[in-house]
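Here is a friendly walk through the model shown below. We begin where the two chains meet and then move on to a few local sites.

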Amino acid sequence: MNDEIIDEITASEYKYGFTTEIESETVPPGLNEDVIRLISSKKNEPKWMLEWRLDAFQTWLKMVEPNWPNVNYQKPDFQTISYYSAPKQKKALDSLDEVDPELLKTFEKLGISLDEQKRLSGVAMDVVVDSVSVATTFKETLAEKGIIFCSMSEAIQEHPELVRKHLGTVVPKRDNFYAALNSAVFTDGSFCYIPKGVHCPMELSTYFRINEAGTGQFERTLLVADEGSYVSYLEGCTAPSRDENQLHAAVVELVAMEKAEIKYSTVQNWFPGDAEGKGGVFNFVTKRGICERNSKISWTQVETGSAVTWKYPSCILKGDNSVGEFYSVAVTNNFQQADTGTKMIHLGKNTKSTIISKGISAGRSQNSYRGLVRVGARAENARNFSQCDSLLMGDKCGAHTFPYIEAQHPSAQIEHEATTSKIGEDQIFYCNQRGIGTEEAIALIVNGYCKEVLNQLPMEFAVEAQKLLEVSLEGSVG
Amino acid sequence: MIKIKNLKARVEEKEILCGINLEINPGEVHAIMGPNGSGKSTLSSIIAGREDYDISGGSIDFEGENLLSLSPEERAHKGIFLSFQYPVEIPGVTVSNFIKTAINESRKSRGEEPMEARKMLAMMREKTVLLEMDKSYLSRSLNEGFSGGEKKRNEIFQMAMLQPKLAILDETDSGLDIDALRIVANGVNKLRSKKNAVMIITHYQRLLNYVEPDFVHVLYNGKIVKSGDKNLALELEAKGYDWIKAENT
């Protein structure tokens, strides 16, 4: 029975796999200093920005692509990628009404009509298609509180002092191969600044989509929460189904100043490739936050997409009493490969971190958790609790756990719990006997398994994430 | 309601049921007794639709339909309920969410709308009172960390919610203390009506003191070797199974 059902895994199709006919302006493929100069001039950037990029490029040239992650893939040829693709527009947009109607249709297909968002949900949203941010809603409402929420391009123009002060402070240019590449060629992304003591009144959200064929997406997000402020931020990602692999190499930097709190949630559903493992997005992302005294950063991610993923949203707990959290659900199906986890670097005293990681592997996929908990020499009374659970569906997939623990202070308390389980025939039969069909039973069991993580998501996104889990695992029973 | 004719089943090469004949009518309570390994649990699993068995002969007819051609969930939708001997744990899924899903899936199979949330909640409350369960049960993960007695009580709670036509209790009484036994029996008696039937699989007489059976059957080596009324259970309790074994070897 198992084999038969596992073969049915192919049943679930990627429902976001459409492309949109929008006239785009795309830079010819290839990467050299001229391309970087071109990107920078197209965006009308100041000189310091160009120099920063060129410096990153020089650094990148000397680096090699890492091969320690537990994934196998054909390394991208960086000279065949186009580094800039923008939906063609005549001028800067003042309101949603000016957005290309074709693009708005895309958002409707995605189920995130901006109008709808605007009216109903009170979610302020920035949308990045290919490389360029096309619309930011709710800007005025936010401006009243002094909150800046705009595209990175705009931030470089309008708030250069803030960008210059923080860009690259959490993820330096030379941090790693893909971070260096991103620093050289990043085209857009979101920028957010919450002033001192301000509690951001709504969820901020960015929506990323790769549309053009043969393009890479290199967005850069910088989020600065000033002293005593609070913000909850969500990003969503999709891409069309394409035969070739698309590269997504983003960098996200979070700065939580004293007593600030940042909650950063991701629902990632990049195209995972088809049932034979053809196509799909390479998702090589660097996400990191730095916590000053008494601050808190919480990462929540629900990852169902991408052909190959490696990302480790991390917290540097620099300030005393700061708190880092990581809640993750990573689903792999078919031929997907994921190597994901977190790093919690305890530097300050009384710092605390929590890691809850739930991996689900189905089909012939490989799912790895890789996590580092480091307690520095001055981090007195640091505490960490890690829980890494793996759920296997079928007998052709793999789950791996690579926990690294480094403690340099004798007072450190580090706990690591790990479990591996299979959805049992007994559980499914029990549900069947109560009238619950096998597909629904799996959805129920998986949602139960992920509950601790899903509970961390803002309500409306938790519902979306739940549906996404169901779609991703349609037809996979073990 | 259910007619089992000459049912034969095996696991791998081992014959476990060797021709069972049993008919249960609406309103009746049947007790199936017998020593360990006689095939009692196999019989209940086959009625519920577990796929681990090879049905090598015979038939099961449920309200005029060939039960063996239906999936386990279709059988549940038709009103068959099995109280499991070893209920499974489903972490993170609350009792209330689970039973809500079960009820609404059955309703969906009949083309009905999901039950109104308020009505569902009222019904859950009512049944927790019936089974003397604390309200907090509803928000606990299904069977996770439940004691043996709590698990069995939770099975009967689900039975009370689903109101099946045929309830099969597979050793529901094992592991229950005397108070829990009374509570579970009370739950079963509440379900009894002219339209419903109950099949009680048990080793012991004690549950039958509370839920009085109309018929008692003794299963031995995959066959029903003796049938009678409630007095047969009392006789078994007094004499043990040895005389049955002696008569059938």
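## Salt bridges and polar contacts between the chains

In this predicted model, chain A and chain B share 2 salt bridges, a salt bridge being a side-chain nitrogen of Lys or Arg within 4 Å of a carboxyl oxygen of Asp or Glu. A:R434 and B:E155 form a salt bridge through their side chains, with N and O 2.6 Å apart.

On the side of chain A that touches chain B, the elements giving two or more residues are α10 (425-433) and α11 (438-449) of chain A. Of these, α10(A) gives the most, with 7 residues. Helices (H or I, at least four residues) and strands (E, at least two) are DSSP runs, numbered from the N terminus. By type, this side of chain A divides into 8 nonpolar, 7 polar and 4 charged residues.

## Extent of the interface

With contact meaning heavy atoms within 4.5 Å, 19 residues of chain A are in contact with 31 residues of chain B. The area buried between the two chains is about 2,100 Å², and carbon and sulfur atoms give 64% of that. Buried area is the accessible area (1.4 Å probe) that two parts lose on being put together, summed over both. Of the area that chain A buries against chain B, 36% comes from A:F429, A:Y430 and A:R434, more than from any other three residues.

Residues are numbered from 1 along each chain as its sequence is written, chains are lettered from A and ligands numbered from 1 in the order in which they are written, and side-chain values use heavy atoms, with hydrogens and water left out.

## Helix α2 of chain A

Which residues of helix α2 (residues 33-42) of chain A are buried? They are A:V35, A:I36, A:I39 and A:S40, where buried means under 20% relative accessible area, exposed over 50%, and partly exposed in between (1.4 Å probe, protein chains only). These residues lie on the same side of α2(A), because they cover an arc of only 135 degrees around the axis; the arc is that of the directions from the helix axis to the C-beta atoms. The buried residues of α2(A) pack against α3 (47-61) and α9 (177-185) of chain A.

Now for the two ends. At the start of α2(A), a side-chain oxygen of A:N32 comes within 2.9 Å of the backbone nitrogen of A:D34. After the helix comes A:N44, with a positive phi near 55 degrees.

## Salt bridges within chain A

Over all chains, the structure holds 33 salt bridges. One of the pairs is A:R53 and A:E45, whose side chains meet at 2.7 Å, N to O, and both of these residues are buried.

A:D175 and A:R288 form another salt bridge, their closest N and O atoms being 2.8 Å apart. A:D175 lies in the loop between α8 (160-166) and α9 of chain A and A:R288 in strand β13 (residues 280-291), so the pair ties together parts 113 residues apart in sequence. A:D175 is partly exposed at 29% relative accessible area, whereas A:R288 is buried at 10%. A network of salt bridges links A:K358, A:D389 and A:E452.

## A buried serine in chain B

Chain B has 9 helices and 12 strands, and 53% of its 249 residues are buried. B:S83 sits in strand β6 (residues 80-83) of chain B and counts as buried at 0% relative accessibility.

What does B:S83 touch, not counting residues up to four places away in sequence? Its neighbours are B:E155, B:I156, B:I168, B:L169, B:D170 and B:T172. The side chains of B:S83 and B:T172 are joined by a polar contact of 2.9 Å.

Notes:
Predicted model: local features only at pLDDT ≥ 70, side-chain atom pairs only at ≥ 80, totals over all residues. Nonpolar A, V, L, I, M, F, W, Y, C, P; charged D, E, K, R; others polar. Polar contact = N/O pair within 3.5 Å; in protein donor to acceptor, adjacent residues only side chain to side chain.
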